[in-house]
Amino acid sequence: MAGTASPPPAPAPGGVPSAGPAGSRKTLSRWPRPGETVDGVTGSGVTVPAPVAAAAGGDHCSLVWANEAGGLTFAAGTGRGRRFIKWAPAGSGLDLPGEAGRLAWAGRYHPVPRPLSQGHDDDGGWLVTAALPGDNAVSAHWIADPATAVTAIGAGLRALHEALPVARCPFSWSAGRRVADARGQAAAGRLDPAAWHQEHRHLTAAAALARAADIPPPERLVVCHGDACAPNTLLDPAGRWSGHVDLGLLGVADRWADLAVATWSAEWNYGPGWEDALLDAYGVRPDPERTRYYRLLWDLSSLPGRARVGAEGPVVTLRVGDREVA
Ligand SMILES: Nc1ncnc2c1ncn2[C@@H]1O[C@H](COP(=O)(O)OP(=O)(O)O)[C@@H](O)[C@H]1O
Ligand SMILES: [Mg+2]
């Protein structure tokens, strides 16, 4: 799990850089051909899915990210033509059409990627978005400057919560719905406590569900980001937040649903001791009870079948169906 100073053994929100040190990018020296295997920094290869190659056209293309569910993100082009191509394997549970709809809605109020095109085939789905300026908060530069990064993450999350109008938001991320979804996963035998974070791993699925059923009253309903981990905030070169990415779960919820994950992710990515700075930048006092609750709900809501990622080192292998893709 490269890019995290203190990475959790279980899947973290937002994905992890797959290749090399924090935020490093594997740049292809030329544009990929469909199905072409490119030597990766990890020593294994990445098969570029055909629709990604098509979306890259003849432009320079690089792999920038891989997540625990087998999703890949590529960057293509330069300047005004720069765009990002997210690709998700079929059956991964990643909802790129849902993300495109949320981006289109949120983009009226806040800097988020503008969807350009999307599609799917038997192997997976893809979403092409226009590049936002800035680098994510776990790029090597910002990992080395946690004070600036967590301040930008806190301030950026506050700005997002203030900008997106609850009354006009067609999307929900309510705890009630998430608990109901988790019950469905449990009934299908897809809740795996062994995949949860250390503090929850001792719980049985039934015990965790019982706790999750006791939903704290919302402190303040906002339109939540839905995956407010560090890599989903972009920073400009001066260290100010410049936008948010990865809005596939955006929806109305208590703001602590985001804050609990944002502070948790600060610890994974920058080490312990940054939670208060993030909350200060956001402008809120700690709320240990809601924080505990929404971290448990995060684990309960993890995508079924997410690949486990080793606690140390980069992702070495990603599979799509029977195919090894990274
Ligand atoms: N439109 C965009 N503009 C700028 N950076 C982007 C854009 N889309 C994705 N990225 C970069 O790619 C990374 C992975 O994209 P993201 O949507 O977060 O994928 P995942 O769902 O796998 O976490 C982000 O952390 C960000 O650095
Ligand atoms: Mg992300």
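Q: A residue is buried if 20 or more other C-beta atoms lie within 10 Å of its own, exposed if 12 or fewer, and partly exposed in between, with C-beta atoms placed from the backbone. Which residues are buried in helix α8?
A: In α8, residues 275-282, the buried ones are Leu278, Leu279 and Tyr282. Helices (H or I, at least four residues) and strands (E, at least two) are DSSP runs, numbered from the N terminus. This is a predicted model, where local features need pLDDT of at least 70 and side-chain atom pairs count only at pLDDT 80 or more, while totals for chains, interfaces and linings use all residues. Residues are numbered from 1 along each chain as its sequence is written, and chains are lettered from A and ligands numbered from 1 in the order in which they are written.

Q: How do α7 and α8 pack, then?
A: Their axes are 9 Å apart, at an angle of about 140°. Axes are lines fitted to C-alpha atoms, for helices over the stretch in contact, and angles run from 0 to 180 degrees between N-to-C directions. The two helices are therefore oblique to each other. Angles under 35 degrees count as roughly parallel, over 145 as roughly antiparallel, 65 to 115 as roughly perpendicular and the rest as oblique.

Q: Which residues make that contact?
A: From α7 there are Leu259, Ala262, Thr263, Ala266 and Glu267, and from α8 there are Glu275, Leu278, Leu279 and Tyr282. Two residues are in contact if their C-beta atoms, placed from the backbone, lie within 7 Å. By class, the α7 and α8 contact has 6 nonpolar, 1 polar and 2 charged residues. Ala, Val, Leu, Ile, Met, Phe, Trp, Tyr, Cys and Pro count as nonpolar, Asp, Glu, Lys and Arg as charged, and the others, Gly among them, as polar.

Q: What follows α8?
A: Gly283 does, and its phi is positive, near 95°.

Q: Switching topic: which residue other than glycine has a positive phi near 70°?
A: That's Asp246. Asp246 sits in the loop between β12 (241-244) and β13 (251-254).

Q: Is Asp246 buried or exposed?
A: Asp246 is buried, as 27 other C-beta atoms lie within 10 Å.

Q: What about helix α2, which residues are buried there?
A: In α2, residues 96-106, they are Leu96, Glu99, Ala100, Arg102, Leu103 and Ala106. Seen down the axis of α2, these fall within an arc of 165°, so they line one face of the helix.

Q: Which strands do the buried residues of α2 pack against?
A: They pack against β6 (83-89), β7 (115-120) and β8 (124-130).

Q: One more spot: where is Glu199?
A: Glu199 is in the loop between α5 (175-187) and α6. With 13 C-beta neighbours inside 10 Å, Glu199 counts as partly exposed. Glu199 and Arg295 are 96 residues apart in sequence, with 9.5 Å between their C-alpha atoms.

Q: And overall, how many helices and strands does the protein have?
A: The protein has 9 helices and 15 strands. Of its 326 residues, 48% are buried.

Notes. Arc of directions from axis to C-beta.
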